[in-house]
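Please keep the sequence and the structure in view while reading.

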Amino acid sequence: AVGISSGKEPMLVSNIRAEIDTMKQIELAKYQKIYPDNSFMAKLLMATQAAVVWNWIYTPAEFSPLAPVSRGWNFITNGFSEDFGYVIFDWDNELASLLMAHSTASKEMAYSNLIQVVRSKTYKGFIPNFSAGGMKSQDRTEPPVGAKVLEELYKLYDDKWILALLWDDLADNIDWFFRERLIHGLIALGSDSVSYQGRWSGHDMQCARFESGLDNSPMYDGDFFDPKTNLMQMYDVGMTSLVIMELECLARLGRVIDKPHDVIFDMTERAKQLRNNLSEKLWDENQGVYANRHWNGTFTTRISPTSFYPLLTGAPSMLQVSSMMKNWLLNSSKFCIDQTWPDSSNSDECWWGLPSIAADDRAFPALGYWRGYIWGPM
C-alpha cells in the first residue's frame, strides 16, 4: 500500500489508515445523531453523502460546481479534455440538490447544483432532459420537480434570494407544459420535431419515453407516438400530477417573494382545473388506482409508482387513498416487496419501498432498471 499525506512530516501508511478511520467514525457520529436508534439508516445516510460528494465536479462549461448523476456519463462531443466530461439530467440533478441539503448539510452545494440545472433551460423556456457543454435536448424535458425542491430548500434555509433568482425560470418551465404537452385537459409525454435529428433527439416514441425520466418503463412499451401532435397518445398520470404539484409550489413561493396577485391566482386556478381533470379522467375504478389512459379511453394495466403521484396533489378521496394503499402499495404481490422476493413467501416488510413497476407485472425482472426492484430518483 502507498499513502500520501499533505502534512509536513512523513506518515506511515498505518497512521494514515488510522486517521482516515477516525474521521469516518466522526462523520458517522453525525448521522447517528439523526438516526440514534437505527444504525443501518445512519450508515445509509453516510453512503448517500459519499456518493453525492464523489460526483461533485467543476467544469468550465458551467458557472459553478455541480453534481452529475455519475462521472461515467458524458455527453460532451469533441471536448478538449476528457477531464471535463459531464452531463446534467433535469430531475435527477434537481433531486440531487435535495440529497446534498440533507446528506451533506451543505447549502452552498445544494444551491449551486440546482441553479445550474434550472438555468440550463432552452430558448423555448423548458428545462431540458439533458444538457452538456451547450448541447441540450431541444425536443423534450423531464418530470418537473424543480419548484418542489426549491420549496424544500427554502424550508431548510429560509433564503428568499434564491426564490427570486429561480422562480421565473421555473414558471417558464410550467408554462411550456401548458403550451406543448397539454391535450384534452391533461398532460401527455412527447418529443418535439427539431432542426437536428439524431440518436438523442429523434422525434419518436423512445425520445418521448426519455421525457418520462423512466427510460424503459413497461408503461411505455409499444409505439403510440403521434408525430403530428408530438405526443404519446396517452394521458400521463405521473406528469399531470407533478405539473399540479409544481403549480402549487410556485404559487406558495410566489407569495413569499410578492409576485403579482393575478399571477398567483392564475397558478392556483390552473392547478385546480388540472386536479379536477385528473380526478375525473384518470381514476380507474376497476383497478382501484390512478392509471395512464390511452386516447381511445382505455386504461393501461401497467402500474408504477407514478400512479401514487396524485397523492402529492390532494386529488384522491379518502376512499381512493384507502384503495391505493390496501390493493397496491401494501399488497405483497405488487409494491410491498421484501428482500427474499420471489424466492420464498413474501412478507409485509415492504423492504424495497417502491419497485419501479408492480412486481406482478409480466415485464418485472429483478434489478431491471425501470422494470425492477427500485431505481432512483423514483
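Q: Which helices each supply at least two residues of the lining of the second largest pocket?
A: The model is a predicted one, and its second largest pocket has a volume of about 280 Å³. The lining of this pocket consists of 15 residues, and those nearest its centre are V145, L242, Y309, L312 and P377. The helices that each supply at least two residues of that lining are helix 3, helix 5 (146–157) and helix 8.

Q: Which helix provides the largest share of the lining of the second largest pocket?
A: By class, the lining of the second largest pocket has 14 nonpolar residues, no polar ones and one charged residue. The largest share of this lining amounts to three residues, and the element that provides them is helix 3.

Q: Which helix gives the most residues to the lining of the largest pocket?
A: The largest pocket has a volume of about 1,400 Å³, and 40 residues line it, with L99, W375, G376, P377 and M378 nearest its centre. The elements that give two or more residues to this lining are helix 2 and helix 3 (90–104). With eight residues, the element that gives the most is helix 3.

Q: How many residues in the lining of the largest pocket are nonpolar, polar and charged?
A: The lining of the largest pocket is made up of 40 residues, which can be sorted by class. The division comes to 28 nonpolar, eight polar and four charged residues.

Q: Which helix gives the most to the lining of the largest cavity?
A: About 60 Å³ of space lies in the largest cavity, which is lined by W91, P143, S212, L214, Y220, D236, G238, M239, L242, T306 and Y309. By class, these lining residues are seven nonpolar, three polar and one charged. The element that gives the most to the lining, with three residues, is helix 8.

Q: What is the handedness of the crossing in which helix 6 passes helix 8?
A: Two packed helices are described by the angle between their axes and the distance between the axes. For helix 6 (residues 160–180) and helix 8 (residues 237–256), the angle is about 145° and the axes are 10 Å apart. The crossing in which helix 6 passes helix 8 is left-handed.

Q: How many nonpolar, polar and charged residues does the contact of helix 6 with helix 8 have?
A: From helix 6, the residues K160, L163, W167, L170, A171, I174, F177 and F178 take part, and they meet M239, V243, E246, L247, L250, L253, G254 and V256 in helix 8. Sorted by class, this contact has 13 nonpolar residues, one polar residue and two charged residues.

Q: Why is helix 1 oblique to helix 2?
A: The axes of helix 1 (residues 13–34) and helix 2 (residues 39–54) come within 8 Å and cross at roughly 120°. It is this angle that makes helix 1 oblique to helix 2.

Q: How many residues of the contact of helix 1 with helix 2 are nonpolar, polar and charged?
A: Helix 1 passes helix 2 in a right-handed crossing. In this contact K24, E27, L28, Y31, Q32 and I34 in helix 1 meet A42, K43, L45, M46 and Q49 in helix 2. By class, the residues of the contact are six nonpolar, two polar and three charged.

Key: Residues numbered from 1 in each chain as written. Predicted model: local features only at pLDDT ≥ 70, side-chain atom pairs only at ≥ 80, totals over all residues. Heavy atoms only, no water. Axes fitted to C-alpha atoms, helices over the stretch in contact; angles between N-to-C directions. Helix = DSSP H or I, 4+ residues; strand = E, 2+ residues; numbered from the N terminus. Parallel < 35°, antiparallel > 145°, perpendicular 65-115°, else oblique. Left-handed = near helix turned anticlockwise from the far one by under 90°. Contact = heavy atoms within 4.5 Å. Nonpolar A, V, L, I, M, F, W, Y, C, P; charged D, E, K, R; others polar. 1 Å grid on protein atoms, 1.4 Å probe; cavity = no way out; pocket = protein on both sides within 12 Å on 5 of 7 lines; lining within 4 Å. Points joined across faces, edges and corners; volume = space filled by probe spheres on them.
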